[in-house]
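Open the model in your viewer and keep the sequence panel beside it. This tour goes from one selection to the next and says what to look for at each stop.

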Amino acid sequence: MKHLKLMILASDSQSAIEAQKAGIDRIFYDLEYIGKAERQHGRNTVKSNNSIDDIPAVRKVLTTSQLLVRTNPIHAYSKTEIDKAISYGADVLMLPMVMDQHDVEQYVEMVGGRAKVCIMIETAAAMARLDKILAIVGVDEIFIGLNDLHISMGLTFMFETLSGGLVEYIAQKCNKVGMSFGFGGIARIGEGDLPSENILGEHMRLGSTSVILSRTFKGIVGVDRNARKIDLVEEVQKVRSRLQEISQWTEAEYKENCKKIATAVDVVVNKILNK
């Protein structure tokens with residue numbers, strides 16, 4: 001079974017310490033703000049307001065977890081942002097809102113092999129040009145951003161990209177060239193409109209290597225139905241145990257899981273459309 005790297009957003013040293021203690025593989029520090037508020041206007045999504053100069057405080061406490069920094073899309077000051085993030089100790093740099101292979105070429109060149117490069121596929125344009133993007137030397141992994149991808153494609157619910165076969169299309173192309181990829185986020189086991197165990201089933205079936213743990217892992221009031229102080233160590237352990245179980249599934253069980261996802265997605269879509 002491939003190791004599924006668990007990632008969580010953290011913007012301060014205390015959150016980073018807790019995440020590392022819980023065995024989360026990657027601390028995700030988010031710098032992206034350019035164009036994000038406009039794209040995701042009116043949606044209940046994470047919009048970060050982090051300062052690049054706070055990265056060292058987070059880096060300092062990390063001994064076993066990696067530090068992934070999501071920069072802004074390619075812009076006039078990308079080189080400065082990249083250089084600073086690397087000097088502050090980023091292990092992996094992630095580029096959002098890629099439109100074509102030229103964005104990727106520029107980014108890879110600016111990083112210059114000083115950190116791993118993760119490219120986000122979250123626009124219809126990037127999806128259409130996927131082969132060209134995957135051919136760029138210097139890309140270490142791909143991450144499929146379901147939220148922006150579904151917006152870009154005019155879909156109603158972000159998991160339509162999963163039930164409709166779009167994630168599988170990208171996964172197959174990545175697997176064909178031996179490119180690591182991850183996608184989306186999961187709620188805590190037992191939470192979410194689409195049960196996280198079903199989504200984890202697709203991560204295993206498609207050969208994904210990374211996933212983001214959503215805000216439900218922080219027990220934030222107003223984000224999950226049972227917001228309360230949670231034990232992160234215990235919640236992460238539940239995910240790992242479930243993954244272990246899923247890895248033993250038969251082909252028929254994976255197929256059945258796909259059907260469950262399609263049904264659950266249709267229910268959510270109908271609910272949204274009939275509001």
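Which residues are buried in helix α4 (residues 78-87)? Before selecting them, note that this is a predicted model. Now select S78, E81, I82, A85 and I86, which are the buried residues of α4. They lie on the same side of α4, because they cover an arc of only 125° around the axis.

Next, select T80 and S87. These two are exposed, and they sit on the face of α4 turned away from its buried side. To see what covers the buried residues, display α3 (55-61), β3 (66-70), β4 (92-95) and α5 (101-111), which are among the covering elements. Then step past the helix to G89: this glycine follows α4 and has a positive phi, near 100°.

Move on to M97, in the loop between β4 and α5. What is the phi of M97? The value is near 50°, which is positive although M97 is not a glycine. In general, most residues other than glycine have a negative phi. M97 counts as buried because its relative accessible area is 14%, and the cut-off for buried is under 20%.

**The barrel**

Eight of them form a closed barrel in the order β1-β2-β3-β4-β5-β6-β7-β8, and the pairing is parallel. From one strand to the next, the twist averages 30°. As background, strands of a sheet pair through backbone hydrogen bonds, either parallel or antiparallel.

**The cysteines**

Keep C118 selected. Is this residue buried or exposed? C118 is buried, since its relative accessible area is 0%. How many disulfides does the structure hold? The count is zero. The closest cysteine sulfur to that of C118 belongs to C174, and the 10 Å between them is too far for a bond; the cut-off for a disulfide is 2.5 Å. C258 is in no disulfide either, as the nearest cysteine sulfur, again in C174, is 18 Å away. C258 counts as partly exposed, because its relative accessibility is 26%.

**Helix α11**

For the last stop, select helix α11 (residues 196-206). How many of its eleven residues are buried? Ten are, so this helix is mostly covered. The buried residues are S196, E197, N198, I199, L200, G201, E202, H203, M204 and L206. Their cover includes the helices α9 (160-163), α10 (166-177), α12 (232-246) and α13 (251-273), together with the strands β7 (180-186) and β8 (210-213).

Zoom in on E197, which is found in α11. Its side chain makes a polar contact with the side chain of R242, at 2.8 Å. Leaving aside residues up to four places away in sequence, E197 touches I189, G190, R242, I246 and W249. Finally, select G207, which follows α11 and has a positive phi, near 85°.

Key:
Residues are numbered from 1 along each chain as its sequence is written. This is a predicted model: local features need pLDDT of at least 70, side-chain atom pairs count only at pLDDT 80 or more; totals for chains, interfaces and linings use all residues. Side-chain values use heavy atoms; hydrogens and water are left out. Buried means under 20% relative accessible area, exposed over 50%, partly exposed in between (1.4 Å probe, protein chains only). Helices (H or I, at least four residues) and strands (E, at least two) are DSSP runs, numbered from the N terminus. Contact means heavy atoms within 4.5 Å. The arc is that of the directions from the helix axis to the C-beta atoms. A polar contact is a pair of N or O atoms within 3.5 Å; within protein, one must be able to donate a hydrogen and the other to accept it, and residues adjacent in sequence count only if both atoms are side-chain atoms. Two strands pair if DSSP finds at least two bridges between them. Axes are lines fitted to C-alpha atoms, for helices over the stretch in contact, and angles run from 0 to 180 degrees between N-to-C directions.
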